[in-house]
Amino acid sequence: MAQIQLLIADDQVVTRSGLMAMTREAPGLDVAGVAQDAAGVLTAVDREDPDIVLLNLRKLTGDSFRRLVQLIGAHASIIVLCCHDSVVTLQDALRAKVAGFMDLEILQEDFASVITLVSRGCAVYLLPRDRLSDISTEYPTSSTSVAISSLTSRENDVLLLLAAGMTNKQIGTTLHIAENTVKKHVHRAMIKLSASNRVEVALLVSQHGPKR
């Protein structure tokens, strides 16, 4: 099986070295290259052709971050790494539709599994649960409520279970429908809610959706 090639982009040598060590110790992962600033990321992506970019450039502003994502997003999946002094927020990551957003403090135990999921086309956002309520309040209530009102009864049922943390398979079992049908309901709901991924859908429904 081919190794997943990672580009580690971090502006601090200690963290960069730690991520390199974690990558080399994880089966199935390999360090394709390293970078310490935005220009270095662009050069390394062009030269090394990585599968995934681990992006932890703490001083990137929202505009700079979006431009960088646009330039490299067509060539590699992007996982944003977040720490206490990062400027890029979870909202920035969601709006840019990057493949993942990880809190560095809780990343280590799930490092290899998160990378594998992203390599398979999943979006993975790993952060402390107590941050969810703060995040969800940043979405506009009026427009979101209108969008949620356009959902069908079955889409509502699916999203309520999604917001409760269930997988597609668990939702299908609970509602007695096929897993593929669940996926279709989630996809249609994401379009109606202008959501980028399952995480954003869950946040919107938790904050603004119908309650049981």
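Buried means under 20% relative accessible area, exposed over 50%, and partly exposed in between, with a 1.4 Å probe and protein chains only. The model is predicted: local features need pLDDT of at least 70, side-chain atom pairs count only at pLDDT 80 or more, and totals for chains, interfaces and linings use all residues. Residues are numbered from 1 along each chain as its sequence is written, and side-chain values use heavy atoms, with hydrogens and water left out.

Cysteines come first. Cys82 is buried, at 12% relative accessibility. Cys83 is buried too, with a relative accessible area of 16%. A disulfide is a pair of cysteine sulfur atoms within 2.5 Å. The structure holds zero disulfides. For Cys82, the closest cysteine sulfur is that of Cys83, 6.2 Å away, which is too far for a bond.

The sheet is considered next. Helices (H or I, at least four residues) and strands (E, at least two) are DSSP runs, numbered from the N terminus. Two strands pair if DSSP finds at least two bridges between them. Six strands form an open sheet with parallel pairing, in the order S2-S1-S3-S4-S5-S6. Strand S2 (29-35) and S6 are the edge strands, each pairing on one side only. From one strand to the next, the twist averages 25°; axes here are lines fitted to C-alpha atoms, for helices over the stretch in contact, and angles run from 0 to 180 degrees between N-to-C directions.

S1 and S2 pair in the parallel sense over six bridges. Ala9 stands opposite Ala35 in S2. S4 and S5 are joined in the parallel sense by four bridges, and Val80 has Phe101 in S5 as its bridge partner. S5 and strand S6 (residues 124-126) are parallel as well, over three bridges. There, Phe101 has Tyr125 in S6 as its bridge partner. Strand S5 (residues 100-103) is covered on both faces: Gly100 and Met102 are buried on one side, Phe101 and Asp103 on the other. S4, H4 and S5 make a right-handed β-α-β unit. A crossover is right-handed if, with the strands pointing away from the viewer, the path from the first strand over the helix to the second runs clockwise.

The nonpolar interior follows. A nonpolar core is a set of buried Ala, Val, Leu, Ile, Met, Phe, Trp, Tyr and Cys residues joined through side-chain atoms within 4.5 Å. The largest such core has 26 residues, and Val41, Val53, Leu55, Phe65, Val98 and Tyr125 have the most contacts inside it. Elements giving two or more residues to this core include strand S1 (4-10), helix H2 (38-48), strand S3 (52-56) and helix H3 (62-72). H3 gives the most, with four residues. Apart from this core lies another, of 21 residues, among them Ile8, Met22, Leu54 and Ile79.

Phe65 lies in helix H3 and is buried, at 0% relative accessibility. Contact means heavy atoms within 4.5 Å. Leaving aside neighbours within four places in sequence, Phe65 is in contact with residues including Leu55, Val80, Ala93 and Val98. Tyr125 touches Leu90, Val98, Phe101 and Val199, among others, not counting residues up to four places away in sequence.

One further helix remains. In helix H9 (residues 153-163), the buried residues are Glu155, Asn156, Val158, Leu159, Leu160, Leu161 and Leu162. Just after H9, Gly165 takes a positive phi of about 100°.
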